[in-house]
Amino acid sequence: VGARAPAPVLALPNQRWTLDFVHDQLGTGQRFRVLNVVDDITRERLAAVVDTSISGRRVVRELAMLVPERGAPTT
């Protein structure tokens with residue numbers, strides 16, 4: 001078959017970001033979502049977007065505002 005290439009080692013900030021959605025509910029019953037954007041190396045939270053609904057367009061808009069501040073991640 002062949003030799004496997006080693007997995008790339010992440011070592012520098014801003015190489016890869018993770019996007020994660022979490023959701024919860026207020027005491028009134030109203031639901032909300034949070035989009036968290038985290039740098040995988042530093043574990044720094046780059047953004048936390050809270051709203052009752054977060055569309056794909058909203059995600060794109062939030063990332064587009066974040067890239068000029070931080071630069072685009074490698075992956």
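In which strand is the place of N36?

1. Basis of the note. This is a predicted model, in which local features need pLDDT of at least 70, side-chain atom pairs count only at pLDDT 80 or more, and totals for chains, interfaces and linings use all residues. Residues are numbered from 1 along each chain as its sequence is written, and side-chain values use heavy atoms, with hydrogens and water left out.

2. The sheet. An open sheet is formed by 3 strands in the order β1-β2-β3, with antiparallel pairing. Its edge strands, each pairing on one side only, are β1 (17-25) and β3 (45-51). From one strand to the next, the twist averages 15°. Strands (E, at least two residues) and helices (H or I, at least four) are DSSP runs, numbered from the N terminus; two strands pair if DSSP finds at least two bridges between them.

3. β1 and β2. Strand β2 covers residues 31-39 and is joined to β1 by 9 bridges. R33 in β2 is the bridge partner of H23, and V22 stands opposite V34. The two strands form a hairpin with 5 residues between them, and G29 in the turn has a positive phi of about 100°.

4. β2 and β3. Here 6 bridges join the antiparallel strands, and V34 stands opposite V50 in β3. This hairpin also has 5 residues between its strands, with R43 in the turn at a positive phi of about 60°.

5. N36. The answer to the opening question is strand β2. N36 counts as buried because its relative accessibility is 18%, where buried means under 20% relative accessible area, exposed over 50% and partly exposed in between (1.4 Å probe, protein chains only). Not counting residues up to four places away in sequence, N36 touches T18, L19, D20, V22, R45, A47 and A48; contact means heavy atoms within 4.5 Å.

6. Axes are lines fitted to C-alpha atoms, for helices over the stretch in contact, and angles run from 0 to 180 degrees between N-to-C directions.

7. The buried residues of α1 are R58, V59, E62 and L66. They cover an arc of only 100° around the axis, which puts them on the same side of α1; the arc is that of the directions from the helix axis to the C-beta atoms. These buried residues pack against β1, β2 and β3, whereas R57, V60 and P68 on the other side are exposed.
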